[in-house]
Amino acid sequence: MQYRPLGRTGVHVSPLCLGAMMFGPWGNEDEADSVRIITRALDAGINFVDTADVYSGGVSEEIVGKAIEGRREDVFLATKFFMPMDQDDPNRRGGSRRWIMRAVEDSLRRLRTDHIDLYQVHRPSPDTDVSETLGALSDLVHQGKVRYIGSSSYSGSRIVEAQSAARERHLERFVTEQPPYSILVRGVEEDVLPTARRHGMGTLTYSPLAGGWLSGRYRKNASGGPASAARPQARFDMDVPANQRKLDAAEQLAVLAEKAGLTLIELAVAFVINHPGVTSAIIGPRTMEQLEAFLPAAAVTLPADVLDAVDEIVAPGVTVNPVDNSYGDFELRPDQRRR
């Protein structure tokens, strides 16, 4: 495994980051099997693990904590906060100081550790000053409970706003961004990836298989919905024209992968980690078989002719179905864009 610098932190991480969303009731309910998968990933050289408090209501963090016990110093451990942890309590979510101070203690307990290497805001908050969030996170860094802080699904303008606020108020800055990125979801190429690079941030991109669309599971004349309850059913509605376009692209990419002597999964993941603005691609296996299918991609370098062929199928900067972008939800709401 060839390790890469995580922005300008001085830390080196593997080009594949093990995502833990599928460990627990959202995916694999067999805890022992999930631990085996995590152990196998670490043995294969992956030193980067990413989870979140909301994944399976905290169960994912608990499983990760058990799996890395005894190997904690070998793991660059990342988790996230922001999503609702109680549907009835509006204060058990978001980016407020009040919630962050509670959320970090809960995550530390579940992860069985005294510090989190990378603590990330899962989504930007339209009604919370970014300085409020950065101030609380800075205190956690100074207390030693958190080593670095990062953002997830921030637009280019929000990345710049957060960097400026940190500089002006002498706060810790986000050193990473976690955007969605795949051959079918290339919107971040236009703004987010170059903005993160200009600010010296590392990037750990999620959904390199576009939520399963590039796994080989979704082909013409094949039925199937999301493999996890965590994925919206509407994203797989074949009556939606944009999803039909995704299906057409997936078919063409499968043919291209075969011609290149690769599996579709290898092509998809290698495409992501071959981008100079990407540090690591988050892979989210639910089974050991899925993990083994991901691992060879770490050593694949795509030649120019294959990359050109990908661009012919999905043009640079294009997201085939715009709803797959994870940012802009608030800004594009009708009440925000209409008088």
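Modeller: Here is a close look at one helix, its core and some aromatic rings.

This is a predicted model, in which local features need pLDDT of at least 70 and side-chain atom pairs count only at pLDDT 80 or more, while totals for chains, interfaces and linings use all residues. Residues are numbered from 1 along each chain as its sequence is written, and side-chain values use heavy atoms, with hydrogens and water left out.

Start with helix α3, residues 97-111. Helices here are DSSP runs of H or I with at least four residues, strands are runs of E with at least two, and both are numbered from the N terminus. Helix α3 has 15 residues. From first C-alpha to last it reaches 21 Å, close to the 21 Å expected at 1.5 Å a residue. The expected span is 1.5 Å times one less than the number of residues. Just after α3, arginine 112 takes a positive phi of about 55°.

Now look at which residues of α3 are hidden. Buried means under 20% relative accessible area, exposed means over 50%, and partly exposed is in between (1.4 Å probe, protein chains only). The buried residues of α3 include Trp99, Ile100, Ala103 and Val104. Asp106, Ser107 and Arg110 are buried too. The buried residues of α3 pack against helices α2 (59-67) and α4 (130-143). They also pack against strands β5 (76-81), β6 (116-121) and β7 (146-152).

Next, tyrosine 119. Contact means heavy atoms within 4.5 Å. Leaving aside neighbours within four places in sequence, tyrosine 119 is in contact with Ile100, Ala103 and Val104, among others. Its contacts also include Phe81, Leu137, Leu140 and Tyr148.

Tyr119 also matters for counting core contacts. A nonpolar core is a set of buried Ala, Val, Leu, Ile, Met, Phe, Trp, Tyr and Cys residues joined through side-chain atoms within 4.5 Å. The largest has 86 residues, and Tyr119, Leu184 and Leu267 touch the most other members. Helix α8 (residues 264-273) gives the most to this core, with 9 residues.

Last, the rings. Rings of Phe, Tyr and Trp (its six-membered ring) pair if their centres lie within 6.5 Å; planes under 30 degrees apart count as stacked, over 60 as edge-to-face and the rest as tilted. Phe48, Phe76 and Tyr148 form one aromatic cluster.
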